[in-house]
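Please read it alongside the sequence and the structure.

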Amino acid sequence: MSPGAAPLRSIEALRVEGRHVFVRADLNVPLRGTAIADDSRIRASRRTLDWLRERGARVVLASHLGRPKGERRPELSLAPVADALGLPLAEDCVGAAAEKAVARLAEGDAVLLENLRFHAGEERNDSSFVAALARLADVYVNDAFGTAHRAHASTEGLARATPERAAGFLMQLEVEMLSRLRDEPEHPYVCILGGAKVSDKLAVIEALAERADTLCIGGAMAYTFMLARGESAGLSRVEPGLVDTARRLLDGETEILLPLDHVVAPALDRPGEARTVEEIPSDAIALDIGPRSIEQIAGRVRKAGTIFWNGPLGLFETPPFDEGSRAIAEACAASGAFSVVGGGDSLAAVAAAGVGERISHLSTGGGASLEYLEGRALPGVKALEAEA
Ligand code: AMP
């Protein structure tokens, strides 16, 4: 744990044998119909689950899935996740159905509760919903770092209502790795930021501009910065309202690198006509960074002490516009720096390049990771601090 981060209550200090342990996991997997499109979150939740079961805990596992907004929506049932985990599913997360399923648990058994967000009380952190959840277990473990930025019933209210509480292994790992980035990065600290919109990432860009030595901006975000520098962006996606903000950031102390060349096409759906240019023509859209830009970032990455990368550097879903992101995944993996990659598309680029093993930490926390790096207190993490 780094000096700036308060230590979290550890799961290893809990007495769990024979006891009912509520585990808030992040099983919010992408679904295609009832098929799980990507099971990484399920796999990531196993360590805490197995650890508790091996020690004879009676595990009450809970998660949200999608945004049912307080209504029971059959298409957002956690049934496919229960199947993937090989666990029974209680048909509700509170009330008689849940209590019955929990009462039946033998030592080492686990049950998955139905989607927490079928109840409006979850997102409202409603005290009666917290009380209904609290009836199910005596011990609380939160392993859902990805929802720790939300003060919901299962992430904050229930934690505070359960004196015996701790962070699961995944939560612990995310906080440890991200606090190292936030509080004691080894220099040079190089951040690579991509993705669609400056507006989504503005807070994190501003926070990282204060800590990093170099910010490399790619993805559609880069073109707003290019306009701010007086360069042409052609038909690329820009946010005119943020040009002044981009200019202020460019005028700051931190080195900000923008793409030196671009892979452009006449339209999003004409990838066959992709070509590399140094200046974006007025009738073209820039959809990826080019080879000189890749080399520019790779050069900084080679000399870095710490690397953080979030957001794709191009229209990653459509080849050949995935090449920039893949090349950067390879550069991060080849570097000897402490490297953290986060965000769905960047993680997919790392997986596609087959270099996951050589990245120090693959952060699955999404928006929560960015808020943590901004220096904001996450309610779900705060509730697990030793003195909380
Ligand atoms: P975000 O969710 O902000 O990380 O943005 C991810 C999205 O940005 C992905 O769907 C990418 O395809 C898209 N994106 C990245 N670069 C570009 C670009 N140059 N033009 C259009 N979309 C882009």
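In this predicted model, a polar backbone atom of A220 lies 3.2 Å from a nitrogen atom of the ligand. For A286, the distance from a polar backbone atom to a ligand nitrogen atom is 3.1 Å. A polar backbone atom of G314 is 3.3 Å from a nitrogen atom of the ligand. On its own the ligand has 510 Å² of accessible area, and the protein covers 81% of this area.

**Ligand shell**

- The ligand is surrounded by 14 residues.
- The closest of these residues are A196, A220, A286, G314 and E317.
- By residue class, the shell around the ligand holds eight nonpolar, three polar and three charged residues.

**S363: position and burial**

- S363 belongs to strand β17, which covers residues 361-363.
- The relative accessible area of S363 is 1%, so S363 counts as buried, the cut-off being under 20%.

**S363: side-chain polar contacts**

- The side chain of S363 forms a polar contact of 2.8 Å with the side chain of E174.
- A polar contact of 2.9 Å links the side chain of S363 to that of S369.

**S363: contacts beyond its sequence neighbours**

- With neighbours within four places in sequence set aside, the residues in contact with S363 include L178, V340, V341, G342, G343 and L347.
- E174 and S369 are also among these contacts of S363; their side chains take part in the polar contacts with the S363 side chain.

Note on methods. Residues numbered from 1 in each chain as written. Predicted model: local features only at pLDDT ≥ 70, side-chain atom pairs only at ≥ 80, totals over all residues. Heavy atoms only, no water. Helix = DSSP H or I, 4+ residues; strand = E, 2+ residues; numbered from the N terminus. Buried < 20%, exposed > 50% of the residue type's maximum accessible area, 1.4 Å probe, protein only. Polar contact = N/O pair within 3.5 Å; in protein donor to acceptor, adjacent residues only side chain to side chain. Contact = heavy atoms within 4.5 Å. Near = heavy atom within 4 Å. Areas by Shrake-Rupley, 256 points an atom, 1.4 Å probe, with all protein chains shown as cover. Nonpolar A, V, L, I, M, F, W, Y, C, P; charged D, E, K, R; others polar.
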